[in-house]
Amino acid sequence: MKPFSFRAFIRKYFFNPHWRCAACGREIFGDEYFCADCEKTLPVADGNICAHCGRKTDVPEDYCRSCKNRLTAIDKGRSAFFYEKPVSDLIMKSKYGGSIYLLDMFAEYLAAVYFKNYFSADLICYVPMTEKAERKRRYNHSKLIALKLSELTGVKVGHCLSKIKDTERQAKLTGRERAVNLAGSFRVTDKAAVRGKAVLLVDDVTTTGATAQEIGSVLKTAGAKTVYLITVASVPEVHKTQEKKDQARKNRE
Ligand SMILES: [Zn+2]
Ligand SMILES: [Zn+2]
């Protein structure tokens, strides 16, 4: 038995991150995550969205410019938020700043999205990291979100994917480059678990959708019937002007 530690006792029973607003740090009371002011600024993903991938669009669309012909292995994607402040900052904090308690909060928002969209999944999968990357960060944020989401929805987590190739950081790459970079990076380690199943894939952000597409493809090849995608936040639809700007930037480099 571990020796009794007063500090650990206090932390376990009395330290509650909920007592401060997750966005501005102001003291709050009750079970809320945000103060009333910040709650109003949350970029909740509703209004005009793409029916296929869930991104913010100017007008309602069946397939937006970002996902048309690109996110074919995913049957339907939804996010809790658009990737804007303060949520974008919170995601960075949960991923690189060690604020793990935020992952449970994200899972609660995702559970609401799950039920609101009538997703009916047999299995939850998460985006795996290579062993080396997970050791370095000490945790896989998508896995922790998936475990909590499983608790809240009653859908079991399948640890049936692995990442077999370390990919360089994707942030500076375009959608096409990301897809090339990711090709062959993921493997289904338990094909029997996904065969004929509706799989819910959990990730933190839908950026270009390249990761979801690559994982969706390996899941479908392994026999998954349906692959849904659920993410904490999605980057709004790419506009033509943005595509041109990206291209111009690339040409300069
Ligand atoms: Zn606040
Ligand atoms: Zn879309």
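In which sense do strand β2 (residues 123-126) and β5 pair, and over how many bridges? The two strands pair in the parallel sense over four bridges, where two strands count as paired if DSSP finds at least two bridges between them.

This is a predicted model, in which local features need pLDDT of at least 70 and side-chain atom pairs count only at pLDDT 80 or more, while totals for chains, interfaces and linings use all residues. Residues are numbered from 1 along each chain as its sequence is written, and chains are lettered from A and ligands numbered from 1 in the order in which they are written.

The protein has 10 helices and six strands, which are DSSP runs numbered from the N terminus (helices H or I, at least four residues; strands E, at least two). Strand β5 (residues 198-206) is mostly covered, with seven of its nine residues buried; a residue is buried if 20 or more other C-beta atoms, placed from the backbone, lie within 10 Å of its own.

| Partner of β5 | Sense | Bridges | Residues standing opposite |
|---|---|---|---|
| β2 (residues 123-126) | parallel | four bridges | Y126 and V202 |
| β6 (residues 226-234) | parallel | eight bridges | V199 and V227 |

Together with helix α9 (residues 210-221), β5 and β6 make a right-handed β-α-β unit, meaning that, with the strands pointing away from the viewer, the path from the first strand over the helix to the second runs clockwise.

In helix α4 (residues 101-116), the buried residues include L102, F106 and Y114, and what covers the buried residues of α4 includes β1 (76-82) and β6. Y118, which follows α4, has a positive phi near 55°.

Terms used. Buried ≥ 20, exposed ≤ 12 C-beta atoms within 10 Å, placed from the backbone. Contact = placed C-beta atoms within 7 Å.
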